[in-house]
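Subject: Structure for you to look at

Hi,

Here is the structure I promised to pass on. Please open it beside this email. My notes follow below.

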Amino acid sequence: MEAPTRQPDIAADVVVAGAGGAGLAAALATGDAGLATVVVEARETYREDSNTAMSTSMIPAAGTPAQAAAGVSDSREQFLDDILRKTEGTADPVVTEALLDAGPPLVQWLGERWGVPLDVVTDFLYPGHTAHRCHSVPDRAGSTLHRYLVEALATLDDVLFVCPARLADVEIENGCVVAAHVERPDGTSERIATRSVILGTNGFGADPTLLALHCPEIVEGLYFGGEGSTGDALALGERIGADTACLDAYQGHGSVAHPHGVLLTWATVVHGAVLINTDGVRFADESPGYSELACNVLDQPGAQAWMVFDGRIDEACRPFADYQRCLESGAVREAADLTALASVVGCEEAPLADTMSKVDGYARGAGADGFGRTAWEGPLVAPYRAVQVTGALFHTQGGLRVDRDARVLANGMPLEGLYAAGGAAVGISGHGASGYLAGNGLLAALGLGFVAGNHAVAQRSL
């Protein structure tokens with residue numbers, strides 16, 4: 001058999017690995033500035049299974065014109081307090097500061113330069129946030145946001161999109177990037193001379209071995225993220241001696257409809273829904289956040305639970321594309337009364353009736369919930385809705401350490417021209433699952449991509 005051939009070397013100002021939110025934001029910044037940019041994406045299914053496309057499109061940012069227009073009072077300091085409280089002070093301080101600064105101009109840039117129709121979600125507060133600061137497209141679908149980014153990239157003449165192809169290696173001399181090596185599925189490879197490489201290849205959620213090593217408690221959960229998240233950036237970082245941080249951090253989710261494989265929006269809980277197990281009994285305070293509830297659900301019999309809500313909540317969730325998919329898939333079951341609900345869940349009516357009676361009391365202010373939940377938008381009224389759910393992993397939140405310009409660090413010093421964004425870099429969720437606030441993943445992806453792209457542009461002009 002003949003050895004695979006290597007194509008002649010080419011050159012580019014910037015090489016971006018990955019066409020999720022991180023890579024697309026970076027490439028939009030560099031390509032719009034006239035830098036010759038090559039984007040390499042390993043999976044032809046990136047439009048459907050990047051983590052950005054699978055998200056709910058929430059981008060948290062504090063102090064934006066959109067918030068002001070909606071009458072929302074918020075500040076950088078308030079957002080910082082929320083992050084520190086949710087992560088118990090363990091969020092990476094450098095990345096946190098960088099993203100707090102980048103959020104408002106990022107949201108404005110996406111809307112004004114690229115026509116992404118972002119508005120502030122004001123119908124409820126996501127867990128951990130004390131102000132309405134999540135900016136989202138109208139249907140709250142990551143696939144819609146991702147489509148806008150892909151279409152925007154196609155308008156730039158200075159961007160070459162190569163798919164399928166993957167970044168295989170980066171050459172570094174004297175602490176500076178000099179070239180990127182790109183491989184195609186047929187075995188051919190290219191060396192691209194470049195001063196800047198931006199890693200937007202996400203984390204390692206699709207690699208069971210890495211997951212078992214760093215996040216063992218979620219390894220048995222349903223994986224609900226991009227199949228391309230195989231730890232490429234982590235492997236590259238190991239080869240070049242890069243620093244890593246918070247590799248045990250991840251975003252879980254406690255309400256993926258099972259066996260339908262469709263996300264049930266956590267807006268159900270915010271509006272008053274409860275989780276019960278197959279015995280008809282609640283097992284946790286649902287309100288802190290969907291990420292930490294993943295393991296609670298997985299600990300239940302059969303690693304499953306039921307989300308129970310009512311018609312009021314059903315109506316409130318209908319604007320969400322994810323909820324529409326739940327309806328279309330048949331995941332949402334209706335029950336006229338408690339007897340019918342017990343039949344749907346497959347449990348005895350007595351314990352379910354006891355559970356729902358207590359929930360009704362808590363929601364009406366009669367008594368305190370033993371699990372500690374205090375947020376009840378209103379009581380649940382028959383006819384009920386119920387969705388069978390399981391616990392899932394969406395994406396990892398630890399990765400390569402970066403500075404405030406998104407440059408990868410090695411022994412605490414930046415490698416000039418090598419950047420990481422999104423799941424390839426350490427995020428702002430601290431450790432484990434409980435530090436995740438809604439939108440942390442997208443803010444780290446788009447925000448660090450935006451920061452990296454702009455820094456690469458500035459360095460090119462020097």
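Predicted model: local features only at pLDDT ≥ 70, side-chain atom pairs only at ≥ 80, totals over all residues.

**Strands and hairpins**

V170 stands opposite A180 in β9. That pair belongs to strands β8 (residues 166–173) and β9 (residues 176–183), which pair in the antiparallel sense over seven bridges. A further pair sits at E173, whose bridge partner in β9 is C176. Together β8 and β9 form a hairpin, with two residues between them. One turn residue, N174, has a positive phi of about 55°.

Strand β9 also pairs with β10 (residues 189–193). These two run antiparallel and are joined by five bridges. Look at A179 here: its bridge partner in β10 is A193. This is a hairpin as well, with five residues between β9 and β10. In its turn, G187 has a positive phi of about 95°.

The mean pLDDT of the chain is 96. Of its residues, 98% reach 70 or more. The stretch to treat separately is residues 1–6, where the pLDDT is below 50. Beyond near neighbours in sequence, that stretch has six contacts in the model.

Which order do the strands take in the open sheet of three? The order is β4-β6-β5, and the pairing is antiparallel. The edge strands are β4 (59–60) and β5 (119–120), each of which pairs on one side only. Strand β6 covers residues 134–136, and two bridges join β4 to β6.

**Helix α1 and its partners**

Take α15 (residues 440–460) to begin with. The axes of α1 and α15 come within 7 Å and cross at roughly 30°. Angles under 35 degrees count as roughly parallel, so α1 is roughly parallel to α15. The crossing is right-handed.

Which residues make this contact? From α1 they are G21, A22, A25, A26, A29 and T30. From α15 they are A445, L446, G449, F450, G453, N454, A456 and V457. By class, the contact has nine nonpolar, five polar and no charged residues.

Now turn to α6 (residues 142–153). Helices α1 and α6 pack at an angle of about 35°, with their axes 10 Å apart. Is this crossing left-handed or right-handed? Helix α1 passes α6 in a left-handed crossing. On the α1 side, the contact is made by G21, L24, A27 and L28. On the α6 side, it is made by H146, L149, V150, A152 and L153. These residues divide into seven nonpolar, two polar and no charged.

Best wishes

Technical notes:
Residues numbered from 1 in each chain as written. Heavy atoms only, no water. pLDDT = per-residue confidence, 0-100. Contact = heavy atoms within 4.5 Å. Axes fitted to C-alpha atoms, helices over the stretch in contact; angles between N-to-C directions. Helix = DSSP H or I, 4+ residues; strand = E, 2+ residues; numbered from the N terminus. Parallel < 35°, antiparallel > 145°, perpendicular 65-115°, else oblique. Left-handed = near helix turned anticlockwise from the far one by under 90°. Nonpolar A, V, L, I, M, F, W, Y, C, P; charged D, E, K, R; others polar. Pairing = 2+ DSSP bridges.
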